[in-house]
Amino acid sequence: MSQFLDMGGYAFYVWTSYAVFAVVLLADYLAPVLRRRRNLRDVRARMARQGARRRNENA
Amino acid sequence: MANWIPTWLHRLGSPPTFYRFAGAVRPWALALALITGAIAAYGGLVLAPADYQQGDAYRIIFIHVPSAWMSLFIYFAMGVAAFIALVWRIKLAEVVAMESAPIGAAFTFITLVTGSLWGKPMWGTWWTWDARLTSELVLLFLYLGVIGLFHAFEDRRQGARAAAFLALIGVVNVPIVHFSVNWWNTLHQGSTVRLLGPSHIDARMLWPLLTMMLATKCYYVASLFGRVRADLVAMESGKDWVKALAVEETA
Amino acid sequence: MTVSTGAACAALLRRDLLLAWRRRGDIAMPVLYAVIVATLFPFALGPEEALLQRIAGGVILVTVLLAMLLALDAMFRGDIEDGSLEQLLLAPQPLALMLAIRIFAHWITTALPLIIISPLLAGMLHLPTPVMGVLVVALLLATPLLSLIGAILVALTAGTRRSGMLLALMLLPLCVPVVIFAAGAVAAAQQGLPWVAPIAWLGAALVLALVLAPLACAAALRIALDA
């Protein structure tokens, strides 16, 4: 196992490469997921504001 | 006879339909990308034998080459979407073109970093002005230009159309840059070390490479669809289907 | 009453050159900038003649490129602000042709002075005299190419607020081949190698750009100003 992790002495280069690959793609994947949730939350907030205004006008 | 294909494509072009379609496809694409990626990583890191010249350092190839491939493939895909967006003014094509750019830039960045991490033990330097590395760097600037121009406009659609035009100019530019950089390299007798010679590649090394290429392609679909969904919600925030969606997601 | 295309071209060229002449100080700015940059190199690298000689061609090309980039932003700026660009868009004459005239006028007022002083800069950096001719030819072919490519990008950013840094970012990938071939020709001439091939490539690219760039510029302008 430690021989596998050592990568014939190139552990730093090989594992850093794979880590960069994983981290960059993970960030790329999560960013729009969060953005979509935020956008939907904004839509809900606006709908709530509009609903409140309409109720005030009716009252 | 096969009239349903154009009809289906036409329907798919409407934002709510595509939103649902992308939502249905995305988990499968992501699952496929993760499974094939894991298999490829296992094959590349464990099963494939060490290279007789480069030892274990060559294992970076299994992410470096698929990323480099994707950086060009996504640029091409962006160009096609940009062309459709400009000629037929399809809103969805604009979104696809603009949301492809950050994914392509991410793959280009990965290619540069892994290439540098591979070059250090093999060439003894982090960076050399080799034709391929230089072309890849120029490609990154092309992506950044498209992203930058898109965000410089206040109006999203106008920005998307201007950036799509720039992307199309870039499609013409990529082969010209590659040709000129090759010429430049022969003039200045730059580094001639090749990481990937024309030598034949062992089958035990080849299949993880091809599997990883499949994984990155599936990942592109998953990431792109996620991005397009986020974008459609923002663009159509005033429409009824988004409002219904917002209510639905609270419940 | 419609004006013939030729007369419209002549009128536009005369107007642009007249406007540039009335603000002569602006023409001097890129030249001054190029002189300053070229002067800084010996200070940064040391006055050793052999070193300066080796880098002279490349330094002058990059300097000219940066000076042109500085002036590029202003290509349509005034016309957008006073609305004359919209008039150009609506004019019955072909827009691409009118834009080609504008680009030509812009090249005369910004690039030509730079080419004229380039032998002076080359002399300051000890570029051998026989190479001077190749440098001027390379600049004569490379600067119109940069003006034409730059015009497309300026047109694309016409609808945005600030564009200075963005313009540089967009221009870099497109000007790489131009810089490579122009500097390559000078370097080849300096080493006594045949330099006609890169010059011929530049010439071919210029012919292609002369036909395509005004059309692309017109399309870009229509996209960027389509409100």
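Colleague: Which helix of chain B holds Leu9(B)?

Modeller: Leu9(B) sits in helix α1 of chain B, residues 4-12. Helices here are DSSP runs of H or I with at least four residues, strands are runs of E with at least two, and both are numbered from the N terminus. Before going on: this is a predicted model, where local features need pLDDT of at least 70 and side-chain atom pairs count only at pLDDT 80 or more, while totals for chains, interfaces and linings use all residues. Residues are numbered from 1 along each chain as its sequence is written, and chains are lettered from A and ligands numbered from 1 in the order in which they are written.

Colleague: Is Leu9(B) buried or exposed?

Modeller: Leu9(B) is exposed, because it has 9 other C-beta atoms within 10 Å. The cut-offs are 20 or more other C-beta atoms within 10 Å of a residue's own for buried, 12 or fewer for exposed, and partly exposed in between, with C-beta atoms placed from the backbone.

Colleague: And what separates the C-alpha atoms of Leu9(B) and Leu30(B)?

Modeller: A distance of 23 Å, with the two residues 21 apart along the chain.

Colleague: Which pair of chains has the most contacts?

Modeller: Chains A and B, out of the two pairs that touch. Two residues are in contact if their C-beta atoms, placed from the backbone, lie within 7 Å. Here 24 residues of chain A meet 34 residues of chain B. On the chain B side, the elements that give two or more residues are α4 (91-123), α7 (203-235) and α8 (240-250). α4(B) supplies the largest share, eleven residues.

Colleague: How do the residues on that side of chain B divide into nonpolar, polar and charged?

Modeller: The side of chain B that touches chain A has 21 nonpolar, six polar and seven charged residues. Nonpolar covers Ala, Val, Leu, Ile, Met, Phe, Trp, Tyr, Cys and Pro; charged covers Asp, Glu, Lys and Arg; the others, Gly among them, count as polar.

Colleague: How many residues does the contact between chain B and chain C take from each?

Modeller: Chain B puts in 23 residues and chain C puts in 24. On the chain B side, α5 (131-152) and α6 (156-188) are the elements that give two or more residues. α6(B) gives the most, with 14 residues. That side of chain B divides into 16 nonpolar residues, six polar and one charged.

Colleague: How far apart are the closest C-alpha atoms of chain A and chain C?

Modeller: They lie 22 Å apart, and no contact joins the two chains.

Colleague: Back to chain A. What is in it, helices or strands?

Modeller: Chain A has two helices and zero strands. Its radius of gyration is 24 Å, whereas a compact globule of 59 residues would come near 10 Å. The radius is taken over C-alpha atoms, and the globule rule is 2.2 Å times the number of residues to the power 0.38. The C-alpha atoms of chain A fill a box of roughly 75 × 15 × 10 Å along the principal axes. Of the 59 residues, 20% are buried.

Colleague: Where does helix α8 of chain C bend?

Modeller: Helix α8 (residues 164-190) bends by about 45° at Cys175(C), and Pro177(C) follows within four residues. The bend is the angle between axes fitted to the seven residues ending at a residue and the seven starting there. In α8(C), 20 of the 27 residues are buried. After α8(C) comes Gly192(C), with a positive phi near 75°.

Colleague: Which residues have the most contacts inside the largest nonpolar core?

Modeller: Ala97(B), Ala138(C), Ile152(C) and Ala155(C), in a core of 159 residues. A nonpolar core is a set of buried Ala, Val, Leu, Ile, Met, Phe, Trp, Tyr and Cys residues joined through C-beta atoms within 7 Å. Leaving aside neighbours within four places in sequence, Ile152(C) is in contact with Ile169(B), Ala213(C), Ala216(C), Cys217(C) and Ala220(C).
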